Amino acid sequence: MSHDTEFHVHHDSDAAVGRRERLGVRLLIVADGAFLFGMIFSYFYLRNLNAGGNWLPKGVKHYSATSAWLVAIPFVIAAITHRAGLRSKQARNLTSVVTLLALLVGGFIQWDQLAHMPFLLKDDGGVVSFNGAYASNWALIAGSGIFHYFLSAFIALGILIRNRTTNLPEELDLWRQRTAQSWFTWCAIAAILTGITLSII
Amino acid sequence: MADHIEQQLAPTPGERTAIFFKRTDVVRTSLLFIFWTAVFVVLGVVFYPKWMPLVMSTELKSAEAIMVWFTVISAPIAGLVLAITSNAFLNMHRGDTPPPDGPAVRTNGPVVAVWTITSLLFALVAIIWGLTEMNGQAVAAARDAKSAITVEVTGSQWLWTFNYPAQGIETHELNLPVGVPVVFDVKSADVNHSFWPVQLGVKVDANAQVTTVIHTTPTKIGAIDVKCAELCGLYHAYMETNGAVMSKDDFNAWVTAQGGHNA
Amino acid sequence: MSTLDMTSTHSRPVPHPKRSLITRLHMGTGVVVGIIFAALAYYALKSSLLTYTDKVADPLTPHTDNIVLLGSMFAWSIGFLVGIGAFIGPWRWMIGKDLTDEEILYMAGDGQGIKRYFKYCTDHKVVGIQYLVGVMTLLGVGGTMAMMIRTNLARPGGHFVTATVYNSLVGLHGITMIIAMIIVATGPFGNYIMPIMIGAYDMAFPRLNALSWWVLFTAIPVLCSAWFLGGIPTGWTAYAPLSVQAGPGMNAFVATIIIFAVSTAVAGMNITTTVVAMRTKGMKWNRVPIFVIGSTISVALAIPAFPTFMLAMVQTGLDRTFNTGFFDANMGGSGWLYANLFWIMGHPEVYVILIPGVAALMEIVPVFVRKPLFSYNAAIMGFAGIAGLSVLVWAHHMYIAGWAPSLNGPFMVTTEMISIPTGLLFLVLIGTLWRGKPWMKLPMLSVFAFIWDFLIGGITGIYLSDVPADGYLHGSMYVTAHFHFTLMGAALTGAIGGLAYWYPKMTGRMLNERAGYISFWFVQIGFNVLFLGMFMAGAEGQPRRVMDYAAVFAHSNMISTIGAYGVGIGMIILLWAVIHSWTKGTIAPMNPWGAKTLEWTVPYPVPLTNFDELPVITSDPYGYGKGK
């Protein structure tokens, strides 16, 4: 056999492809989870070490626990609405809009918090410093939250467009919705975990 | 692994053992086993005492003992692995066609079990040995805490500084009296370093803002090399100094000469 | 799983989808767009930061400098991927116009000859060859650095290179080799051979397969740029706070690791999914070839391990750019945090390197001894035990760090326990050799070398894991010798064995045997001399990573350098053999070793979808031998 034999694209059954994709996404979630674990580890390690009393130096403002939970709520809403949309294509016409909106609102809140961090130091050179280890950890966790929001919003936008513009039969696209569900659920869990972490100042 | 012979001949257990040990491959493997075990025993007993520096503390003595004795204890296991491997090597088949098929042995429960239990025992010996030594060192440190002299060690790029608070002196050479326990309080002025008085066989990292502690008791008079064992930038290789373990009188004289006072 | 319905929507030898962007993109467009992105990022960041700080005398402080450099490096990586067409798939998914069959066939490189090696090609065999060439390049570069290090250390007081260059050599040799060794077996063989071994027509995610390679590819120029930015002073461990204090070259290191971590996560997830979900009919878990099991455990271990290294690098980058205080003790940070995050990745990572090498040799031994693999279950328990324990042992790298002396005991216990599953790996190998007549071909030689090297590496590891002995040996040349015996003597030897074994399937030709033998003995004898000398230097008390040493270490260092040149000569011969045989070697038969795994049932060149009809498996591939 050589190169000029005819080849075809393999079309496995949707069930098989769906299983495969969900497994793949869950493995990526494991990787993302390890990253999140590392961030939570950093937060509590430096908090307990409190080197030189510089976890939260005297007089430095910090974010309240509420703000962390405020960012988590849109993710939970997105996960729930997306789950509701799994029922049918018609349901998804509505839920996909809500999911996307929730993610955009969440991303905006997170961005706003990051843009108005109350614990920055400005020295004469115009160089900004983070005042204490709490501040550094907070900014990193918030940054990863922004990343989650952006990525999820991309997925939600894709689902919305596909649902409204393509004529894919319901069954054909369902496995993709369920793959996305794994990711949204994980994002909601991650947001709750960071909410718990950031509540313990 | 002797299953096949056993089943074909169906002899009594005693005969089975006798037959097993008369097989040429078994004889050859046994000889190789003795050879390789001896090699490792000799390697352990000769190599470390020959190449390690003068042992000047109990800590270095216990480190050397671990290296020598673990080699000796693991020699039979290494010997068996290498005996079977080298026997196979000597049995090699050359040419462009594959050799005839060997016996279809897929596993052997007792062999796997004995092997696993042996390696478990070996790991336990290593663990218990290590824990006992660590415990001994911790007990000695607690016992000697009162009588110990304290040396505050500061690492900075690329210099060691020793401060003897009780004697009120600060130097760049590490001199210690023999037989007196010593506590090193180690910290760094910049990046991470690792304080390593080589002949004393102890080591601890120097970090900024926190103090790490290590104990030892010098047991012999002689010169000490102090090195940095953690890459600390450009001149890491040259971050070394020397010192000595000296008699108490010499130490007191040195302290006086440095302008300090003897406690 | 009879999910294969080969619907032929389009079928012609050379598909060329009209008006599709993917037909116009290749490595060249990737490089161009990457450079444009990097340049844009460079000037945009530089000018915006200049306005921000134009009131002070020194407008570009080190921190803003770091922002500019890191930003440009990531922009290069993203730009390259845009330019080579990596994001076409996700984009088309988002706008609801999925790739057509014709486009998918085009992306698989169907009928494109040598050009497909320079495209975003989804064929797992193309990706395997790309990885092989990439690995050999990295090993060559890292090996050259090792030669320069050993040349500098030949005599005390040697100044073959300056201190700055020496430290950079140590760090870049380390990271280049670590990256090369992580992908050395799972890259070429895991991509090229493994899907065929399990009877799959491709990987589970072909586009992500191409992504993992091209993402890794973008990291290589970034790593090289470290040289031109003043090098790195930290060694490959990049301990903070030294890494935060370091010059601009450190940015290249940070960016490389972050990019590489993305590549490994994608590759690890892809290989794991392929093996779990795409084994052919009848290939139950107890019939899977051991190399597949080993590689899968290795990459699955990498999935949770590497993100913590990525995180440590993100934090280093933030400390260097935005003045966060993760590792700065004056700002509430701690170098111990870095060490923990690093080694939580670092110890699993050495087994990520080791396991595929061992597994490749376990695949080889039964074929050349013509006996079944001895105790397949023990092999799996060995791999799984090592992988499981490896996540609990990281702090044995920190016995003397002083971060938590009370944890030294528990970590010593877990570390010593690893000798039990490791022992099982030896048992499997010697059990298979027992009563066999090994066919002395190139791949088999590696098995013997592996057993000797890994035995030395393993036994010396037992002392190092005992806290009191580590108090003396830690940070000395002894440690360097120990881990080279495991990573080079064991893992690289295993990978070279794998290369000799699968070379006929990957290139269609036999590897030159005479050159292979000569290279083998040069490398193995040189290697043992090299690191025996280093064990001596370490026992004498020479710290590692030093550019100079006292006269007392002169003999042992001379021995090491002589050995190093032996390794160098051997490796050059091997490189020559690989390149020469690729075009001029004797044509290989379909199954030159008489092996029973599936990759030997397909011809060379391997058809695009590997099999006409997916095979059905009824037994494991180790059915050699007479009797039962």
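A residue counts as buried here if 20 or more other C-beta atoms lie within 10 Å of its own, with C-beta atoms placed from the backbone. Please keep in mind that the model shown in these close-ups is predicted.

**Close-up 1. Helix α2 of chain A and its buried residues.** Let us begin with α2(A), which covers residues 65–85 and so has 21 residues. From its first C-alpha to its last, α2(A) reaches 31 Å, close to the 30 Å expected at 1.5 Å a residue. Look along the helix for its buried residues, A:Ala68, A:Val71, A:Ala72, A:Pro74, A:Phe75, A:Val76, A:Ala78, A:Ala79, A:Thr81, A:His82 and A:Gly85. An α-helix has 3.6 residues a turn, so residues three or four places apart point the same way.

**Close-up 2. The contact between chains B and C.** Here 78 residues from chain B meet 73 residues from chain C. On the chain B side, two or more residues come from each of α3 (24–51), α4 (58–90), α5 (109–144), β7 (204–206) and β9 (222–228). The biggest share belongs to α4(B), which gives 16 residues. Sorted by class, this side of chain B has 46 nonpolar, 21 polar and 11 charged residues.

**Close-up 3. Strand β1 of chain B with its partners β5 and β2.** With β5(B) (residues 182–188), strand β1(B) (residues 149–156) runs parallel, joined by seven bridges. To find one of them, look for B:Thr150, whose bridge partner in β5(B) is B:Val183. With β2(B) (residues 159–164), β1(B) runs antiparallel, joined by five bridges. Here B:Val153 has B:Phe162 of β2(B) as its bridge partner. Two residues lie between β1(B) and β2(B), and the two strands form a hairpin.

Note on methods:
Residues numbered from 1 in each chain as written. Chains lettered and ligands numbered in written order. Predicted model: local features only at pLDDT ≥ 70, side-chain atom pairs only at ≥ 80, totals over all residues. Helix = DSSP H or I, 4+ residues; strand = E, 2+ residues; numbered from the N terminus. Expected span 1.5 Å × (residues − 1). Buried ≥ 20, exposed ≤ 12 C-beta atoms within 10 Å, placed from the backbone. Contact = placed C-beta atoms within 7 Å. Nonpolar A, V, L, I, M, F, W, Y, C, P; charged D, E, K, R; others polar. Pairing = 2+ DSSP bridges.
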